[in-house]
Amino acid sequence: VSALPESLVGAELFGSARGAFSGAVDRAGRFEAAQGGTLLLDEVGNLSLETQRMLLMVLQERRVTRLGEHQARPVDVKLLAATNADLREAVRSGRFRADLYARLNPAAGLTLPPLRERREDLPALIARTVTETFAAGPDAGLLADYLRSAGLPAGLHARAELAGGGGKTGKAGKGAKRATGALTFAFSESALAALERHPFPGNVRELRLLVANACLLSLSDA
């Protein structure tokens, strides 16, 4: 949601009625779609004060009104909010509503240290990223094309192999290789050392993008 233009954030969260704004159609928002489940709202600190007001009303009344409508629809949704911002400072400066901050239950909040402070998580994050990159979507199609062009069995899944963590790897730049039931992407000691030295200002998102791009490029080099 944080990546959407401000004019569309309300419609994305709460839904819209046809004619509510230019191009608007009848559609449910994320709250209605998450009925009976859990909704993760990322970068909640970036919401405008007006959207914050609307969000507060939904949380208090457990009802959501689509933009352009007057009918309130009941919703039963657990909300998880994530942010990069210091919400307490945002409240003090008037950029975030104090009542919404209290409603989000800051006492139950979890603080996740930046990736540069938890290097021990790198191996698990790398391994998960490799698997997820080729699990579905366009990248899964690229893997299937590679397997076909390389004469390998269809249906191999992608996995990571890290130097010093379960066997030797190939040399840096060797890219993908076949293992039993999987196409393995080997990360050498020098590659892992470079990742461990990097400060990762973009945190896990930056790591995932870097690893995914390295794997995709290695298919063309293999």
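Modeller: In α7 the buried residues are Leu143, Tyr146 and Leu147, where buried means under 20% relative accessible area, exposed over 50%, and partly exposed in between (1.4 Å probe, protein chains only). These residues cover an arc of only 100 degrees around the axis, which puts them on the same side of α7; the arc is that of the directions from the helix axis to the C-beta atoms. An α-helix has 3.6 residues a turn, so residues three or four places apart point the same way. On the other side of α7, Pro138, Arg148 and Ser149 are exposed.

Residues are numbered from 1 along each chain as its sequence is written, and side-chain values use heavy atoms, with hydrogens and water left out. Helices (H or I, at least four residues) and strands (E, at least two) are DSSP runs, numbered from the N terminus.

The length of α7 can be checked as well: its 12 residues should span 16 Å at 1.5 Å a residue, and its end C-alpha atoms are 17 Å apart, which agrees. The expected span is 1.5 Å times one less than the number of residues in the helix. Just after α7, Gly151 takes a positive phi of about 75 degrees.

Of its 24 residues, Ile126, Val130, Leu183, Phe185, Phe187 and Leu207 touch the most other members. The elements that give two or more residues to this core are α6 (122-133), α7 (138-149), β5 (157-162), β7 (182-187), α8 (189-197) and α9 (203-221), and the largest share, four residues, comes from α9. A second, separate core of 20 residues includes Phe31, Leu47, Val75 and Leu87.

In α9, Asn203 has a positive phi of about 55 degrees although it is not a glycine. At 23% relative accessibility, Asn203 counts as partly exposed.

For comparison, α3 has 13 residues and reaches 18 Å from its first C-alpha to its last, close to the 18 Å expected at 1.5 Å a residue. Thr51, Gln52, Leu55, Leu56, Val58 and Leu59 are the buried residues of α3, and these fall within an arc of 160 degrees, so they line one face of the helix. Arg62, in the loop between α3 (49-61) and β2, has a positive phi near 55 degrees in a residue other than glycine, and at 47% relative accessibility it counts as partly exposed.

Finally, the chain as a whole. The protein chain has nine helices and seven strands, and of its 222 residues 32% count as buried. Among contacts (heavy atoms within 4.5 Å) between residues at least 6 apart in sequence, 63% join residues at least 24 apart. The mean pLDDT, which is the predictor's confidence in each residue from 0 to 100, is 88, and 88% of the residues reach 70 or more. Over residues 166-174, however, pLDDT stays under 50, and there the model has 16 contacts beyond four places in sequence. Where pLDDT is low, the predicted coordinates should not be read in detail.

Note on methods:
This is a predicted model: local features need pLDDT of at least 70, side-chain atom pairs count only at pLDDT 80 or more; totals for chains, interfaces and linings use all residues. A nonpolar core is a set of buried Ala, Val, Leu, Ile, Met, Phe, Trp, Tyr and Cys residues joined through side-chain atoms within 4.5 Å.
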